[in-house]
Amino acid sequence: MKTYLVTGGAGFIGSNYIHYLFEKYGSAANIINLDKLTYAGNLENLRDVESNNNYRFVKGDICDASVVDPLVREADIVINFAAESHVDRSIGAPDDFIKTDIYGAFMLLEAARKHGVEKFVQISTDEVYGSIIDGSFKETDVLEPSSPYSASKAGADRLAYSYFVTYDLPVIITRCSNNYGPCQYPEKLIPLFVTNALEDKSLPIYGDGKNVRDWIYVRDHCDAIEFLVHHGDDGQVYNIGAGEERMNIEITDLILKYLKKPDSLKMYVQDRLGHDRRYSVDTAKIAALGWQPSHSFEQAMQDTIQWYIDHKKWWARLKSGEYKEYYKAHYKREL
Ligand code: NAD
Ligand code: TDX
């Protein structure tokens, strides 16, 4: 029976991945979730699995060697999701991004080197390549990250690779495109716009709204990670995406249409600093191994919007109190 150490398992993708593991393995895998519970960590995401005997939650920081070391020692497979993940926050206050995304990854890699693991998956991002106007990035393309967030992720990405080359650690690095799905913190485009529209509040579109993102349903991302744990080659980088490129304005229109809300909710606001125009990854490498996404964009987007309609209590709490104050101070507008 394998033991998975999932870091950042109380966040959006991490909690979806833990659910995915339970559905796939039931009681046939041990799962340890190490999470600091920052503003983005939410144990409500895991209420339905927390009483399982093969699941354990540890509140702790991946930058703390005394926490990380004994947990990595127990683990066969380490999946490092833990990160500060929001680009806008990294523009306002990069410190925690540098600490968690780089130094935290370093602490995990060090512990893995010391104790040995079967697999170490560093969850990187397509943002490490920077923006591309035409075509799609291959895994061998140069990294030109443009925000403190993506630069921190690029640092961890290459640090993980160095542990493969230098110490023979069985590392796999994944660079996935934008995820959508249940339990995403309502600061990111899709949950923010869906929940604002549900409350008849305006949708703040940055710049001209024509920036392009390549969207993948979170369950497909989870499936790709698990596929690579078993079929990926050590020391390799794999792009993950679904080839569903949309301009932000198209996503906005789709949300308004589904919710039957008026166009007047659109509000064009000042652009994000250093805003990457387009992300696009070439996924031929993982496809050649035999993996492809299985959810259709239209259906999975509808399911996602419906999830936020059905889980108002989940997001209403997050959008009140402290976060509301933070949003007002950071964006100079009401949430
Ligand atoms: P998230 O912000 O929802 O979750 C991050 C989690 O990490 C939270 O539970 C938080 O409490 C935890 N965390 C933060 N700092 C920590 C620390 N020092 N120690 C332990 N736990 C800590 O992020 P997400 O969207 O779920 O992203 C997960 C990972 O996937 C990140 O590494 C991100 O860079 C990467 N990624 C995200 C996307 C996306 O579209 N969301 C796409 C590609 C890659
Ligand atoms: O209010 C908004 N208005 C707006 O126009 C917000 C929050 C975003 N946007 C735009 C900016 C981007 O072009 O929408 C697009 C998506 O923005 P985010 O949801 O902030 O995602 P992005 O910056 O693309 O980064 C995401 O994908 C890659 C995740 O947050 C990262 O963690 C991941 O690595």
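What is the mean pLDDT of the protein chain? Hi everyone, let's start there, since what I'm showing is a predicted model. The mean comes out at 97, and 100% of the residues in the chain reach 70 or more. Confidence is highest in strand E5, at 99, and lowest in helix H12, residues 322-331, where the mean is 87.

Now, on to the ligand. Ligand 1 is surrounded by 28 residues, and the closest of them are Ile 13, Asp 35, Ser 85, Tyr 149 and Lys 153. By type, that shell splits into twelve nonpolar, twelve polar and four charged residues.

Let me walk you through some contacts. Tyr 149 uses an N or O atom of its side chain here, 2.6 Å from an oxygen atom of ligand 1. Thr 100 places a polar side-chain atom 3.0 Å from a nitrogen atom of the ligand. With Ile 62, it is the backbone that takes part: one of its N or O atoms sits 3.0 Å from a ligand nitrogen.

How much of ligand 1 does the protein cover? On its own, the ligand has 840 Å² of accessible area, and the protein covers 97% of that.

And which elements build the shell? Those giving two or more residues are helix H1 (12-25), strand E5 (119-125), helix H5 (148-167) and strand E7 (178-180). E5 gives the most, with three residues.

Conventions. Residues numbered from 1 in each chain as written. Chains lettered and ligands numbered in written order. Predicted model: local features only at pLDDT ≥ 70, side-chain atom pairs only at ≥ 80, totals over all residues. Heavy atoms only, no water. Near = heavy atom within 4 Å. Polar contact = N/O pair within 3.5 Å; in protein donor to acceptor, adjacent residues only side chain to side chain. Areas by Shrake-Rupley, 256 points an atom, 1.4 Å probe, with all protein chains shown as cover. Helix = DSSP H or I, 4+ residues; strand = E, 2+ residues; numbered from the N terminus. Nonpolar A, V, L, I, M, F, W, Y, C, P; charged D, E, K, R; others polar. pLDDT = per-residue confidence, 0-100.
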